[in-house]
Amino acid sequence: MELVIIISLIIFLFVLKIGLDIKLKDLKRIKELGYDEKLKELTNKLPDNIEICKDMLKIIKNDETKIEESKDEKSTTSLYIVMSNKILIGNIKNTFTSIQTIAHECIHSKQSKVMQKFNFIISNIIGIIYVILIAIILFNKFENPIIFGILLIAYLLLGISRLIVRSYLEIDAMMNAKYLAKDYMESKGILLLDEIQNIIDGYDEINSVGIKFYIFVLILKFIMQIILLFFILMLFPPIALL
């Protein structure tokens, strides 16, 4: 039974990859585009990341979110931390996508705090449940299979709920980031309109692949966790499931 589930999930991932038209050459292309020297020369004319973020927050009328640059110079990760209402900016100055990335996090800061906190809290709960499930299997604690079944169902339902909420938050931020980036660049008056359009065209090309790839990765991670769970179930019988 576990093998059937694993094979079915793998087939699902392959079908989803085909359906979303995920191609390695497209991923390679957007990675190369992110470091386009001509576009980077244009965005380098703009102020530093902190100033950009402050101005963008003003545009969206947000005067509550704090801004901080990552102290780790090797970190390129930027994110909005809902529990502290703070935007953390990574070392992203060497790519023209830095403007859109900052805009992305600024949009997160204006999204529903309920949805943001739900995503954060549920993510932690899911992690705890997953560890408990693995522990039950490894230590063969199947005295009460009903509890295992309840935990498994809870993990799957919460995981799907988180996947839906996270996907909405990310798609919303990805779709609207370029508009905020464009409004910001036009408001500064530093770049010519055709230069701004060239940057936006670059963002469009990246987003055309990046959005669907990001959603695919979210689903992939969740499915791989399920596959791992059932694979461990196969390795450590007896299995009292549901």
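**Exercise 1. In what order do the three strands form the open sheet, and what is the pairing?**

Solution. The model is a predicted one. Step 1: the strand order is β1-β3-β2, and the pairing is mixed. Step 2: β1 (66-69) and β2 (79-81) each pair on one side only, which makes them the edge strands. Step 3: on average, neighbouring strands of the sheet are turned by 25 degrees against each other, direction ignored. Step 4: between β2 and strand β3 (residues 86-89) there are three bridges, in the antiparallel sense. Ile81 has Lys86 in β3 as its bridge partner.

**Exercise 2. Classify the ring pair of Phe96 and Tyr203.**

Solution. Step 1: a search of the whole structure gives three aromatic pairs. Step 2: in the pair of Phe96 and Tyr203, the ring centres are 5.2 Å apart and the planes are at 5 degrees. Step 3: planes under 30 degrees apart count as stacked, so this pair is stacked. Step 4: Phe96 sits in the loop between β3 and α5, while Tyr203 belongs to helix α8 (residues 193-235); they are 107 residues apart, and the pair links distant parts of the chain. Step 5: buried means under 20% relative accessible area. Phe96 has 0% and is buried; Tyr203, at 0%, is buried as well.

**Exercise 3. Classify the ring pair of Tyr130 and Tyr155.**

Solution. Step 1: the ring centres of Tyr130 and Tyr155 lie 5.3 Å apart, with the planes at 35 degrees, so the pair is tilted. Step 2: Tyr130 is in helix α6 (residues 113-138) and Tyr155 in helix α7 (residues 145-188), so the pair ties together parts 25 residues apart in sequence. Step 3: Tyr130 is buried at 13% relative accessible area, and Tyr155 is buried at 1%. Step 4: Tyr130 and Tyr155 form one aromatic cluster with Phe222.

Technical notes
Residues are numbered from 1 along each chain as its sequence is written. This is a predicted model: local features need pLDDT of at least 70, side-chain atom pairs count only at pLDDT 80 or more; totals for chains, interfaces and linings use all residues. Side-chain values use heavy atoms; hydrogens and water are left out. Two strands pair if DSSP finds at least two bridges between them. Helices (H or I, at least four residues) and strands (E, at least two) are DSSP runs, numbered from the N terminus. Axes are lines fitted to C-alpha atoms, for helices over the stretch in contact, and angles run from 0 to 180 degrees between N-to-C directions. Rings of Phe, Tyr and Trp (its six-membered ring) pair if their centres lie within 6.5 Å; planes under 30 degrees apart count as stacked, over 60 as edge-to-face and the rest as tilted. Buried means under 20% relative accessible area, exposed over 50%, partly exposed in between (1.4 Å probe, protein chains only).
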